[in-house]
Amino acid sequence: MASSSNSEWSSLPVDILLFILDHLVPMRDYLGFSEVCSEWKHAVCKKLQDLRSNRRHHCRLQEKLPLLLVSFKSGTFCLYDVVQEKSVWEFELKLRDWRFEGSSHGWLILLHLRTHEVSLYNPFSGKSIHLPPIGKSIPDFSAAYEKKCVLSADPDSGDFVLVMMSRDSERRAAFFRSRDEDWTYVKNLKCLEDIACVDWIFYLLEWQNVVFSWDGFELRWIPSPVDRPSLDRYFTESRLDRFFRDEYLVESPDGDLLRVEKTKTGFLVYKLVWFSRNSRWEEVESLGDVALFLGHNNSISVMASDFPGCRRNSIYFFSQSNKFPSPLDRKVYVFSLNDRTFTRLCPNILRPVLWISPNLV
């Protein structure tokens with residue numbers, strides 16, 4: 001009986017499936033839809049391809065609420081919607097001797113702890129891309145330290161650059177181009193705080209809030225005065241306060257480069273204001289309709305009004321470095337810039353890993 005029922009669902013005409021998809025929220029509902037059967041997953045892929053080819057509706061593809069990758073038990077993971085506070089998808093992944101180092105464009109970046117091989121894995125399509133071991137040409141990139149990884153584009157496009165930053169004492173960066181045979185250092189850079197990529201240009205933030213741009217070939221310093229308030233705070237704060245401090249780079253939905261500073265008491269947001277000869281960091285008192293999702297492995301911004309329940313002018317985060325708000329606290333929070341308060345979310349989540357934006361094709 002159940003087999004007959006499943007067969008009937010899978011035999012629905014493609015036109016009817018596409019009609020149903022027209023009334024769903026891209027990505028959030030598409031994930032569950034694609035899990036019904038292979039025919040329904042094929043319909044989702046076709047719908048996404050149609051959206052990409054239609055510029056009038058291309059903006060719908062941007063409606064990708066970041067999902068939180070959560071570890072249940074050995075080899076079992078789920079993608080969790082922290083806005084709706086529910087699991088939307090579960091999958092299995094054998095990770096013996098592999099570690100998550102980040103996500104970008106819907107792909108997970110993994111590092112093998114013994115061989116230092118790097119692998120890109122798309123949990124939505126099941127595709128994998130294997131890259132050369134980073135330890136072969138970049139011996140300083142020890143697997144003992146956490147990494148930050150950013151892709152310039154979806155690897156399915158065939159042309160991409162992957163930049164990896166090590167969070168060891170030197171905090172250097174290395175890169176791999178899709179046509180290269182090995183990894184290479186980004187020269188003349190140390191003490192990096194974070195990396196972001198906007199339209200194929202990588203932005204690298206040094207500890208004094210100095211920003212460099214790198215297009216995969218040439219490194220350029222972006223002239224800007226030192227952010228004196230942040231620098232003064234760094235030298236005058238206690239060692240405990242400095243321990244709680246973190247810096248993030250993230251692109252806003254409007255294409256602005258934001259620097260977010262996490263302190264013991266909250267967050268401060270700055271926007272890089274460009275001028276013809278120099279630039280400066282300008283404090284942002286309100287994000288407006290924007291919500292940020294911050295993590296040490298990746299950070300993402302969205303328009304909150306695109307997702308029912310998503311809190312505008314807020315920052316979603318979890319304690320990936322076991323720093324905040326107390327040691328060994330791995331809970332999920334949202335910080336409101338309106339009243340500068342914290343709210344705990346998803347009390348049942350125990351092991352959050354990283355944020356990922358769905359990418360089905």
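The legends below describe close-up views of a predicted model.

**View 1. The chain as a whole.**
The chain folds into 7 helices and 25 strands. Of its 361 residues, 53% are buried. Its accessible surface comes to about 17300 Å², and carbon and sulfur atoms account for 50% of that surface. Among contacts between residues at least 6 apart in sequence, 48% join residues at least 24 apart.

**View 2. The open sheet E16-E17-E18-E19.**
In this view, 4 strands lie in the order E16-E17-E18-E19 and form an open sheet with antiparallel pairing. The edges are taken by strand E16 (246–251) and strand E19 (279–284); each has a single partner strand, so one side of each has no neighbour in the sheet. From one strand to the next, the twist averages 30°. As background, the strands of a sheet pair through backbone hydrogen bonds, and the pairing can be parallel or antiparallel.

**View 3. Strand E18 and its two partners.**
Strand E17 (residues 257–262) pairs with strand E18 (residues 267–274) in the antiparallel sense over 5 bridges. These two strands form a hairpin, with 4 residues between them. Glutamate 261 stands opposite leucine 268 in E18. E18 also pairs with E19, again in the antiparallel sense, over 6 bridges. Here the bridge partner of leucine 272 is tryptophan 281 in E19. How much of E18 is covered? The strand is mostly covered, with 6 of its 8 residues buried.

**View 4. Arginine 259 and two aromatic rings.**
Arginine 259 lies over the face of tyrosine 270, at 4.3 Å from the ring centre. The charged end of arginine 259 also sits over the ring of tryptophan 281, 4.9 Å from the centre of that ring.

**View 5. Serine 252 in a loop.**
Serine 252 is found in the loop between E16 and E17. Is serine 252 buried or exposed? Serine 252 has a relative accessible area of 9%, and residues under 20% count as buried, so serine 252 is buried. Leaving aside neighbours within four places in sequence, serine 252 is in contact with Leu258 and Ser301.

**View 6. The open sheet E12-E13-E14-E15.**
Here 4 strands form an open sheet in the order E12-E13-E14-E15, and the pairing is antiparallel. Strand E12 (192–198) and strand E15 (219–221) stand at the edges; each has a single partner strand, so one side of each is left without a neighbour in the sheet. The twist averages 25° from one strand to the next. Strand E14 (residues 211–214) runs antiparallel to E15, and 3 bridges join the two. Tryptophan 214 stands opposite leucine 219 in E15.

**View 7. Phenylalanine 293 between two ring partners.**
A search of the whole structure finds 13 aromatic pairs. In one of them, the rings of phenylalanine 293 and tyrosine 316 have centres 4.6 Å apart and planes at 5°; planes under 30 degrees apart count as stacked, so this pair is stacked. Phenylalanine 293 belongs to strand E20 (residues 290–294) and tyrosine 316 to strand E22 (residues 314–318), so the pair links distant parts of the chain, 23 residues apart. Phenylalanine 293 and tyrosine 316 are both buried.

How are the rings of phenylalanine 293 and tryptophan 355 arranged? Their centres are 5.1 Å apart and their planes stand at 80°; planes over 60 degrees apart count as edge-to-face, so the pair is edge-to-face. Phenylalanine 293 lies in strand E20 and tryptophan 355 in strand E25 (residues 352–356), so this pair ties together parts that are 62 residues apart in sequence. Tryptophan 355 is buried, as is phenylalanine 293.

**View 8. A cluster of aromatic rings.**
Which residues do ring pairs link into a cluster? The cluster consists of Phe267, Phe317, Tyr333, Phe335 and Phe342.

Notes: Residues numbered from 1 in each chain as written. Predicted model: local features only at pLDDT ≥ 70, side-chain atom pairs only at ≥ 80, totals over all residues. Heavy atoms only, no water. Pairing = 2+ DSSP bridges. Axes fitted to C-alpha atoms, helices over the stretch in contact; angles between N-to-C directions. Buried < 20%, exposed > 50% of the residue type's maximum accessible area, 1.4 Å probe, protein only. Contact = heavy atoms within 4.5 Å. Areas by Shrake-Rupley, 256 points an atom, 1.4 Å probe, with all protein chains shown as cover. Phe/Tyr/Trp six-rings, centres within 6.5 Å; stacked < 30°, edge-to-face > 60°. Lys NZ or Arg CZ within 6 Å of the ring centre and 35° of its normal.
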